[in-house]
Amino acid sequence: MSDARSLAMALVAESFGVDNGELVIGGVGARALVEAYGSPLYVYDEGVMRRRFRALKAAVDGFARVFYSIKANPAVARVFVEEGAGLEVASGAEYLQARAAGAEPESILFAGPGKSAKELDLAIAGGIGEIHLECFEEIEIVARLAARLGRRVPVAIRVNPGPGAQGGAMRMGGKPLAFGFDEEILDEVVCAVTRHAALDLSGLHLFAGTQILDAKVLLAQWAYGLGLAVRLGGLIGRPLRRIDLGGGLGIPYHQGDGALDLAAVSQGVRRLIGERAADPLLRSAEIVIEPGRYLAGPAGVYLMRVRNVKLSRGQRFIVADGGMHHQLAASGNLGQIIKRDYPIVAATRLDAPLLGDTQLVGPLCTPLDTLGRQTALPQLVAGDIVAVLQSGAYGLSASPVGFLGHPMPAEAMAQDGGHRLIRRAGDFSAPLVNLTLEPVASA
Ligand SMILES: Cc1ncc(COP(=O)(O)O)c(C=O)c1O
């Protein structure tokens, strides 16, 4: 069994089930799901999301509150809100999605570069836990809008940490970046914020990188953030109310990726709890982490039906009805330098012998639309179902859904043998479907 195949089967064993060679998600067979909602289809196992949230919450108990970064997948935000998560949003639309998912305004944090005055106005008028300030112009805009609405708005300074901070596969700090203020100019930023009566400087935000699989790197990043919070508290002469240490907790996608060791995170957190208790500038602050991928990624499966099987100069191609327009990350075109396959399985033939290297491609007229490059898949025929695992985060919400006008797929939630539609599919006359703000009750 190839390593990629063994990762896929380990993920199936960890989160899903197999019944007579068929992939079972949330107690429901892949075939029944596709028959109910059509293909291609995103399916999320609600139980997996809840279990992951609870495990992470327990691992950081006494240290941090877990928020969910809604950009990872807005369609499933309600599950995490029900579990007690706050939400981190990065646009006006995400703010409305967070409200529709049941989040209270004070449990919503608004980060991201280039926020428009309209988006900021929406959040300030509707209420917000914190706006994360990313540049000097934004300080002035938020202060002006808040003053006009007669509000005092809680704000955090987003810091682009120095090179000492550890990142992950995609570093979001420690180098020149559009996100936040360079750590080196923190005192200047504090002056610019504190001169506005309408701004209530309540927090610090740090997001140094994503897809961190090493507990040591994650803990070092969190420790770095606490150090920055002490420095910022010293500059303003009082403790911060909230310290947001960002997300970035990784999940295995490729052969050789090991899962983040939550027990090691939990152990390291005990030390941080001790350090925090000893520091008057940290003791009273609410510490927040805001992962997306870690909570939602493993719960999601992108199901596609095989349309054609063809050979070209000895190479076998499986042409599916889904592709990079719905699952850009799996095609390797979302930030990957070296394109490597996501874990992929034949959802209706899990027990069939595998054939050698197969290319799994979608219906777009571009070679970029390749989801599997050297995938081991069994003999398949039109109508079989193929599943891309680890698709619950940065799947549909991070894909070029308008490209070539193929309709958006439906999204469904499955749990304990039941399932429900959470977003309708598009069709030829209206291929793009807006994010539903309320779950769809039934098919
Ligand atoms: C500010 C911020 N917070 C949290 C996240 C979530 O990251 P992840 O899904 O890696 O946990 C992101 C992702 O880009 C982000 O930009």
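**The ligand and the cysteines**

Analyst: This is a predicted model.

User: How far is a polar side-chain atom of Thr-210 from an oxygen atom of the ligand?

Analyst: A polar contact needs a pair of N or O atoms within 3.5 Å. The side chain of Lys-71 has an N or O atom 3.3 Å from an oxygen atom of the ligand, while a polar side-chain atom of Glu-88 lies 3.4 Å from a nitrogen atom of the ligand. For Thr-210, the distance from a polar side-chain atom to a ligand oxygen atom is 2.3 Å.

User: How much of the ligand's accessible area does the protein cover?

Analyst: On its own, the ligand has 400 Å² of accessible area. Of this area, the protein covers 92%.

User: How many disulfides does a search of the whole structure find?

Analyst: A disulfide is a covalent bond between the sulfur atoms of two cysteines. For Cys-135, the nearest cysteine sulfur belongs to Cys-191 and is 17 Å away, and Cys-135 is in no disulfide. Across the whole structure, the number of disulfides found is 0.

User: Is Cys-365 buried or exposed?

Analyst: Exposed means over 50% relative accessible area, and buried means under 20%. Cys-135, at 29% relative accessibility, counts as partly exposed. Because its relative accessible area is 78%, Cys-365 is exposed.

Notes
Residues are numbered from 1 along each chain as its sequence is written. This is a predicted model: local features need pLDDT of at least 70, side-chain atom pairs count only at pLDDT 80 or more; totals for chains, interfaces and linings use all residues. Side-chain values use heavy atoms; hydrogens and water are left out. A polar contact is a pair of N or O atoms within 3.5 Å; within protein, one must be able to donate a hydrogen and the other to accept it, and residues adjacent in sequence count only if both atoms are side-chain atoms. Accessible areas come from the Shrake-Rupley method with a 1.4 Å probe; for residues, only the protein chains shown count as cover. A disulfide is a pair of cysteine sulfur atoms within 2.5 Å. Buried means under 20% relative accessible area, exposed over 50%, partly exposed in between (1.4 Å probe, protein chains only).
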